[in-house]
Amino acid sequence: MASEVSSMCWVPMESNPTMMNEFGEKIGLDVSRFAFQDCWGLDEELLGFVNQPCLAVILLFPFPLTEEDDTTTNTNPEPENVIWIPQLIGNACGTMAVMHALCNTVDNVTTSDSCLLQQFVDKISKLNSKERGEYLTTVNSIQEAHSDVIDSGSTKAPEAGEQVNHHFACFVLKNGKVYELDGRKAGAIPHKDSSPERFIYDVASIIKSDFISHSPDANGFSMITLSKAE
């Protein structure tokens with residue numbers, strides 16, 4: 001079943017690695033080791049400039065891509081060791097994508113075992129997916145971190161609850177497979193088998209076939225990686 005958005009709404013996060021890093025630092029991301037960075041294109045030559053290892057990819061895309069954008073169908077069993085959180089907060093898809101990236105790479109990216117991110121992962125690891133979404137709505141420190149950075153973007157932030165026409169999804173490599181994590185869908189979506197060396201290229205292939213092919217002339221696609229810091 002697709003996520004049912006609660007009455008809570010956040011000001012949308014923009015596709016901006018500086019903002020994502022600031023948010024991440026507030027909850028425990030060690031930006032001296034891994035950081036969110038722009039990815040400048042989907043061509044193999046440009047992908048070759050992505051710092052390695054690349055742990056996650058965040059995609060911004062026009063929404064909806066099709067007239068009947070499916071948010072309800074997912075017959076795949078819940079995969080082991082993959083953290084997916086339903087989005088119950090309106091306009092929080094950017095922050096959800098960042099949380100999906102960080103929660104699924106927590107062992108590599110945190111400043112300490114006692115940071116907020118590690119505490120959050122430890123808590124939700126014991127919950128089912130619905131409970132994870134509900135729990136996130138109660139964590140004031142994450143909402144405060146989001147609010148603290150939202151005005152640091154390059155454009156004026158829209159109002160909370162304002163209708164937006166773009167959406168974020170996250171891709172991670174877990175269990176030797178690329179997973180798409182989107183809080184508005186019904187769970188983690190498995191794609192193709194991959195490896196750390198091929199991950200960024202395989203994600204680019206998925207984005208081309210499953211996203212851009214539905215809207216090849218639309219503006220508003222962008223990619224941000226969670227990769228080894230400069």
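How many of the residues of α3 are buried?

The model is predicted, and local features need pLDDT of at least 70, side-chain atom pairs count only at pLDDT 80 or more, while totals for chains, interfaces and linings use all residues. Residues are numbered from 1 along each chain as its sequence is written, and side-chain values use heavy atoms, with hydrogens and water left out.

The protein chain holds eight helices and six strands. Here helices (H or I, at least four residues) and strands (E, at least two) are DSSP runs, numbered from the N terminus. If you follow the sequence, the pattern reads α-β-α-β-α-α-α-α-α-β-β-β-α-β. Of the chain's 230 residues, 52% count as buried; buried means under 20% relative accessible area, exposed over 50%, and partly exposed in between, with a 1.4 Å probe and protein chains only. The accessible surface of the chain is about 11000 Å², and carbon and sulfur atoms account for 46% of that surface. Such areas come from the Shrake-Rupley method with a 1.4 Å probe, and for residues only the protein chains shown count as cover. Among contacts (heavy atoms within 4.5 Å) between residues at least 6 apart in sequence, 76% join residues at least 24 apart.

Now back to the opening helix. Eleven of the eleven residues of α3 are buried, so this helix is largely enclosed by the rest of the structure. Among them are C93, M96, H100 and C103. The loop between β2 and α3 (93-103) contains N81, which has a positive phi of about 70 degrees although it is not a glycine. N91 lies in that loop between β2 and α3 as well. The phi of N91 is also positive, near 60 degrees, and N91 counts as buried because its relative accessibility is 16%.

Q52 and P53 are joined by a cis peptide bond, with omega about 0 degrees, and P53 sits in the loop between α2 (44-47) and β2 (54-62). L55 and S227 are 172 residues apart along the chain, but their C-alpha atoms are separated by 5.8 Å. Leaving aside neighbours within four places in sequence, L55 is in contact with residues including F34, T105, F171, F199 and L226.

One of those partners, F171, leads us to the aromatic rings. Rings of Phe, Tyr and Trp (its six-membered ring) pair if their centres lie within 6.5 Å; planes under 30 degrees apart count as stacked, over 60 as edge-to-face and the rest as tilted. By this rule there are three aromatic pairs. F171 and F211 make one that is edge-to-face, at 6.1 Å centre to centre and with 80 degrees between the planes. This pair links distant parts of the chain, since F171 is in strand β3 and F211, 40 residues apart from it, is in the loop between α8 (199-210) and β6 (222-228). Both partners are buried, F171 at 0% relative accessibility and F211 at 4%. Together with F61, they form one aromatic cluster.

Strand β3 (residues 166-174) also holds K174. Side chains of opposite charge can pair when their charged atoms come close. A salt bridge is a side-chain nitrogen of Lys or Arg within 4 Å of a carboxyl oxygen of Asp or Glu, where Lys and Arg count as positive and Asp and Glu as negative, and His and the chain ends are not counted. K174 is buried yet has no salt bridge, as D107, the nearest side chain of opposite charge, is 6.4 Å away. Instead, the side chain of K174 reaches the backbone oxygen of N104 at 3.2 Å.

Elsewhere, the count comes to five salt bridges. In one of them, D193 pairs with K177, with the closest N and O atoms 2.8 Å apart. Strand β5 supplies D193 and strand β4 (residues 177-181) supplies K177. D193 is exposed, at 57% relative accessible area, whereas K177 is partly exposed, at 22%. K185 and E180 form another, at 3.4 Å, and both of these residues are buried.

Technical notes. Polar contact = N/O pair within 3.5 Å; in protein donor to acceptor, adjacent residues only side chain to side chain.
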